[in-house]
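Here are some notes to read beside the model, written as numbered points. Please keep the structure open while going through them.

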Amino acid sequence: MAPLPHAAGGGARMSAAIEVRGLAKRYRDVVALAGVDLTVPQGTVHGLLGHNGAGKTTLVDVLATRARPSAGTARVAGLDVVRQARHVRRRIGLTGQYASIDEQLGGRDNLVLLARLLGARRAEARARADELLQLFGLTASATRPARTYSGGMRRRLDLAAALVNGPRVILLDEPTTGLDPAGRLDLWRIVRALVQDGAAVLLTTQYLDEADRLSDTITVLSRGRVVAGGTPAELKHRVGRRSATVRFAAAADLEAAGRALRRGGFRPAPAGERRAVTVPVERAGELAALVRVLDDAGLEPDELLVADPTLDEVYLALMSDPAATPEAVR
Amino acid sequence: MSPAREPVPRPVSWPGSRLVTQIDALTGRSLRALVLDPRVLATSLLAPFLMLAMFSQVFSGMTAGSHFPEGIGYIDFLAPAIMVNTSLQSGMLAGTNLSDEMRNGIVARFKVMPIWPGSVLIGRSLAELIRSLLRLTVLLLAALALFGFRPGGGVAGVIAGAGVAVVLGWGLGWIFIAIACWLRGAELIQNVSGAMLFPLMFASNAFAPVEGLPGWLSLIARINPMTYGIDAVRDLTLRGAAGLDAVIAVTASLSIAVVSLFVAERGFSRIH
């Protein structure tokens, strides 16, 4: 699934920001991860997509040195997350699903504290806090206790807290959960800026459009296994096809269209919405043929829509197909 | 976040923090949390006063007992014990409050930072120690002003006694921190800590002389560091001098602190 060849051996080796091989994690009798491979090069965003319980957070926990793998290896910035945990901690920035900040303290005090713990002198720590507050638009509320912040402000403070040490590897566990649309756009913009600056970002999400829009590469997890991976475009091509959705005003027309299309060699399927069918159309010629078939049958659709599959469809297709092992997907 | 379009945080290269810095920064944070809520602060200052008021009334008949030292008022016998127990309670709070602290998001962040996890615990316990000094001051002022406490040891004796009391409570407090680091759930921690607190408090010479306790209880009282601490604090406040008791009490509580710190740190930083 790794889109780039993973750097192997050699002294001049340029290690990937995140490199996971055969990673497994069991909690008593629960298998959270069952052999995951993953490579995230520096300067890219990798989207980790999956249901609740798919293993996304467990993977982040292992990378953040918060959980110990049962098998396999994980390296961050070339460092082993088990044996070199402390060095890994110096290099990562992490935001979890819940804001990891002190609610009683103001934004500035939170950031000053973290900077001092990371080795900044008092003055440096204050300067760093002010820089981050400015960057995240929190200067005006710097001294208010964080518990009075809105959800969006809390998220921003949490992200600022994750960036105090200027990490080159950033782990974001469902960073936009609970954010309003404007807040999500803001966060996306920050993530893009960080990656342009050369950082690597691993981002878990349940939002398919988020993974689609933000990620250079995506891994889809299900029950602790990788079920698909690649660029967003590759994923769409692998599973979904370009399709036409044809909608009719009358149910009778819909049935007639179904019959006509099948006679014409198409494979119409219910579109999930009332009075519409989707028809795979791979080439432009097929689309012309589809219109001709409908025209010949004297049917006039209310709406005819041609679209690439959304990641949502990709995801649902992968998840509902029990044979969708990585091999089968490829 | 409109200001954050292109700019990103500047790179930094910090060497990592020294242990002293970690403890300093984390003690400061914990201390602010302890004094931030005026109601919490006020009630925590009131507790030792109530303890003194209750025990001095309920047990005042104790002086009639045959084992009671002659020529000493019950308040003079009791006040040093309340000092030690106030300090011990502070020690327990350092542990039981940890379960609240574990729910604080920033502690989750501390755990994935390149710091020694033990400094988070030390910060908490030092903050609690400072609050315990505050509580002792209020207690002593109340005992002197309202309860007729007349310590024969003078100011120096009282200060030295308070010092022993603080060290004792702080050291034994690490037992409760270790409990909180290994158990999950506020109620469980409360219950286990309570079960630890009572024998430390009552299986001692705090409220009645050891000689007056039933055999099995006096046996426990004789191995309880609290007994030696209370004796030392009594000697210091009432006579202005202390013997071996003070050494035993301080050594025992500091040893317990070191071992418990190690155990607590293991529990606090363990990962699954």
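1. The structure holds three cavities of 30 Å³ or more, where a cavity is a set of points, on a 1 Å grid over the protein atoms alone, at which a 1.4 Å probe fits but cannot get out. This is a predicted model, in which local features need pLDDT of at least 70 and side-chain atom pairs count only at pLDDT 80 or more, while totals for chains, interfaces and linings use all residues. Residues are numbered from 1 along each chain as its sequence is written, chains are lettered from A and ligands numbered from 1 in the order in which they are written, and side-chain values use heavy atoms, with hydrogens and water left out.

2. About 130 Å³ of space lies in the largest cavity, a volume being the space filled by probe spheres set on the points, which are joined across faces, edges and corners. Of its 14 lining residues, the closest to the centre are A:Ile92, A:Asn165, B:Arg109, B:Val112 and B:Met113; a lining residue has an atom within 4 Å of a point. Strand 6 of chain A gives the most to this lining, with three residues; strands (E, at least two residues) and helices (H or I, at least four) are DSSP runs, numbered from the N terminus.

3. The second largest cavity has about 70 Å³ of space, and among its 14 lining residues the closest to its centre are B:Ser90, B:Gly91, B:Ser125, B:Gly169 and B:Trp170. Helix 3 (74–96), helix 6 (117–146) and helix 7 (154–182) of chain B each give two or more residues to this lining, and helix 7 of chain B gives the most, with six.

Methods: 1 Å grid on protein atoms, 1.4 Å probe; cavity = no way out; pocket = protein on both sides within 12 Å on 5 of 7 lines; lining within 4 Å.
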